[in-house]
Amino acid sequence: MQKFGLTLAAASMLIATASATQAADGRDYISIVGSSTVYPFSTTVAEQFGKTSKFKTPKIESTGTGGGMKLFCTGAGVDTPDITNASRRMKTSEMEACQKNGVTEVVEVKVGYDGIVVANSKKAETMNLSRKELFLALAKQVPSPEGGDKLVANPYKTWKDINKALPDNKIEVLGPPPTSGTRDAFVELVMDESCAEFESIKALKKSDEKQFKAVCQTVREDGAYIEAGENDNLIVQKLEANPKSLGIFGFSFLDQNADKIQGSAVDGQTPTFENIASGKYVVSRPLFIYVKKAHVGMIPGIAEYLAEFTSDRAWGENGYLAEKGLIPMPKEERKTFAADAKALKPVVLK
Amino acid sequence: MSKEQKISTMDRVNVGLARRYRRERRFRLFGLAAIAASLLFLVLLLVSIVVKGHTAFRQTEILLDIHFDPAVLDVNNLATANYAALVRDAVLVFFPQVEDRQDKRIAAKLVSTGAAYQLQDMVMNKPELIGSTKPVWVLADDEVDMFVKGHIPRDVPETERRVSDKQMAWIDQLAATGRLKQKFNTTFFQAGDSREPELAGIRGAVMGSMFTLIVTLLLSFPIGVAAAVYLEEFAPKNRWTDLIEVNINNLAAIPSIVFGLLGLAVFLNFMNLPRSASLVGGLVLTLMTLPTIIIASRASLKSVPPSIREAALGVGASKMQTISHHVLPLAIPGMMTGAIIGMARALGETAPLLMIGMVAFIVDVPQGFNDPATVLPVQIYLWADSPERAFVERTSAAIMVLLFLLLAMNAAAVFLRNKFERRW
């Protein structure tokens, strides 16, 4: 028994040291981190890339846009990621962090659009909402319904309270938590856009910019908005169980579950593939990937991976990414970004 | 006087007897109800997983007559030949009525993109196939598979399902001519992760789990046993050993994510070990399971009666001989049980692995301790988050595999205990 234990210990030490020395060598696969929204698309490209090229399949971690940026900007060595996916543009603060840590040249590639849908169960009637109504339903503070300039805590309990034409159902919206990029985009595209339309809030913009932002971006916390976690499949299941509630998530989940749920029209436009691609449906956001230029040539396959991602068979109208729910960019835009990616043109954030 | 009192005592007992019996029956009933309730939940859980997941073990395949066209397959350039075209031509043979280019594209999509890779493998291994025509079973697309299994309903309007009326007619035609069959899903056990549900498998995750557990076992068992032996047999009883003991018990109860953060700081940032490697996963899980193993090992050392030690010392054995010849062999079964239960817990862990990058999309099956890897519970988590419907059943199937492994490990623990443990 004693011998057995000693052998075990020796073997484990051997493995540990052998691995540690190996780890110091380079990396022969691409390492990608970032947004969970871009994850399904970049994994599809990675798999295709791995199977059709002589390179290894890239490794992709789903860390969220912010987490990905943080890892991406820690430095320029092989132990840092080569590419980060983002469901929003890189912030200037993130770019500064990158610069400070020696990541000087970053290539930005816009890969397409993602629609954010407000959906409910097929068993209920289709909702037709405006962004203004969504703001009134979800903001923490709204202009007083009695008129006047005063802001009051959100008094609306049912959709009918907001607009007589809407059903007499309790306001109950399942959506992503604040850590999610989908939530950021929803707040920006729906709440920010519509809240400036209210006279009383607009006045606030001039007098107190900070307060203005807080009013526009704070989601109510009295139970009408339910944070359902990052798992969009879970939201779909909950919508099925409770036909009176609405859910907020990415277009691909609506696309896959069209027999169970339906997208609500926002500002008169239904969230269909065509409407999002043409820009008629307003709640959509661009998706990006950011590449560390210093790693191209150091890690094998990065240029080829970019070429695969920006090829028409991937991100084109009939490409395999459209199949997965990515909304392609117009042809001209694709051409520009494909050229930029090929030339590895570093991005300059304004 | 005394007689009267005796009778009255008996009377009092008799009066209360029925109530006491009732109370005892109630007490037993509560216990029974508690067991029934927990069994009910367990059965509900298992049934819902099995009902959702059992279909994943079968996969729809389509029989194609592939003509290995020499015009497409250039012997000198087999790696880049257009295998998808071979598949497409073979599919379109069934539907001569299809003329439209768009329709042809849709028809070709009945077959998984994996079919092209399958043909590539066949031709690369056996170039003499070129020029011949052979019947080949290829994987169907995940949506066809879902439709055949009834997960995509037939009776809803066309716009609401992922399979159009045209595709439905084609699938029915294939099924009627015996060209469509459900077979045992070998891909599920042989492939790594994939974005195409029909090509996705658990092999990569199982191998990752295995590598991780090997590292965990090789490190935590010897260290844990050595620590337990020292603390139990050699260490003096003083404030320091008390402090250590309290800390070990405390560590056993710490949420596992904390070990992940520690691993991130020490193994990745300080020691510069590779991200996402099963080696680092094993190190982190070692930290997590060590307290469990130390506690179990100490308990089993304690259960060896002092008379054994005294007898050994009495016939002149040294302290070390006493321990290595007598105490340890008797305590080892209990230690192993503790280790296996610790390993089972490590097998089901995801939270600490999140911090060290093992929650990732990894297609290639890991070949060693340094390759990027993921583990079974992480694979389940990633699939549960995927939009494609076919991943729902695969999620449940992966859970079934995980449960089976856990069951096997716990059964091994019980077996070891029954076979080797000595009762005193």
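Predicted model: local features only at pLDDT ≥ 70, side-chain atom pairs only at ≥ 80, totals over all residues.
The area buried between chain B and chain A is about 4,100 Å², and the structure holds 36 salt bridges over all chains.

- Is Ile254(B) buried or exposed, or something in between? With a relative accessibility of 28%, Ile254(B) counts as partly exposed, because buried means under 20% and exposed means over 50%.
- Ile254(B) and Met288(B) are 34 residues apart along the chain, and 8.6 Å separates their C-alpha atoms.

**Helix α10 of chain B**

- This helix runs over residues 256–270, which makes 15 residues. From first C-alpha to last it reaches 20 Å, close to the 21 Å expected at 1.5 Å a residue.
- Where does α10(B) bend? The bend, of about 30°, is at Gly263(B).
- Gly263(B) is also one of the buried residues of α10(B), together with Ser256(B), Phe259(B), Gly260(B), Phe267(B) and Leu268(B).
- The buried residues of α10(B) have packing partners in chain B, namely α9 (239–252), α11 (278–302) and α14 (351–355).
- After α10(B) comes Asn272(B), which has a positive phi, near 60°.

- Leu174(B) sits in helix α6 of chain B, which spans residues 165–176.
- At 4% relative accessibility, Leu174(B) counts as buried, because the cut-off for that word is under 20%.
- Leaving aside residues up to four places away in sequence, Leu174(B) touches Ile62(B), Phe94(B), Phe95(B), Leu110(B), Arg179(B) and Leu180(B).
- Leu63(B) is 111 residues from Leu174(B) in sequence, yet the C-alpha to C-alpha distance is 9.0 Å.

**Where chain B meets chain A**

- The contact involves 42 residues from chain B and 45 residues from chain A.
- Carbon and sulfur atoms give 54% of the area of about 4,100 Å² buried between the two chains.
- How many salt bridges are there between chain B and chain A? The count is six, and one of the salt bridges joins the side chains of Arg389(B) and Asp259(A) at 2.6 Å, N to O.
- Polar contacts across this interface come to 16 residue pairs, with both residues at pLDDT 80 or more.
- On the side of chain B that touches chain A, at least two residues each come from α8 (203–234), α13 (319–347), β4 (360–361) and α15 (376–384). The element giving the most is α8(B), with four residues.

- Glu196(B) and Lys324(A) form a salt bridge, with 3.9 Å between the closest N and O atoms.
- Glu196(B) is in the loop between α7 (187–190) and α8 of chain B, while Lys324(A) is in the loop between α15 (320–323) and α16 (331–343) of chain A, so the pair joins two chains.
- Both Glu196(B) and Lys324(A) are buried.
- Lys324(A) also meets Glu388(B) in a side-chain salt bridge at 2.7 Å, N to O. This pair crosses between chains too, with Glu388(B) in the loop between α15 and α16 (390–420) of chain B.
- Glu388(B) is buried, as is Lys324(A).
- Which residues make up the network? Salt bridges link Lys324(A), Arg195(B), Glu196(B) and Glu388(B).

**A salt bridge within chain A**

- Asp28(A) and Lys56(A) form a salt bridge, their closest N and O atoms lying 3.5 Å apart.
- Asp28(A) belongs to the loop between α1 (2–23) and β1 (31–34), and Lys56(A) to the loop between α2 (39–52) and β2 (59–61), so the pair ties together parts of chain A that are 28 residues apart in sequence.
- Asp28(A) is partly exposed, at 42% relative accessible area, and Lys56(A) is partly exposed, at 37%.

**Chain A as a whole**

- Chain A has 16 helices and 13 strands, and its C-alpha atoms fill a box of roughly 80 × 60 × 45 Å along the principal axes.
- Of the 350 residues in chain A, 54% are buried.
- Among contacts in chain A with a separation of 6 or more, 71% are between residues 24 or more positions apart.

Note on methods: Residues numbered from 1 in each chain as written. Chains lettered and ligands numbered in written order. Heavy atoms only, no water. Expected span 1.5 Å × (residues − 1). Bend = angle between axes of the 7 residues up to and from the residue. Buried < 20%, exposed > 50% of the residue type's maximum accessible area, 1.4 Å probe, protein only. Contact = heavy atoms within 4.5 Å. Buried area = accessible area lost by both parts, 1.4 Å probe. Salt bridge = Lys/Arg side-chain N within 4 Å of Asp/Glu carboxyl O. Polar contact = N/O pair within 3.5 Å; in protein donor to acceptor, adjacent residues only side chain to side chain.
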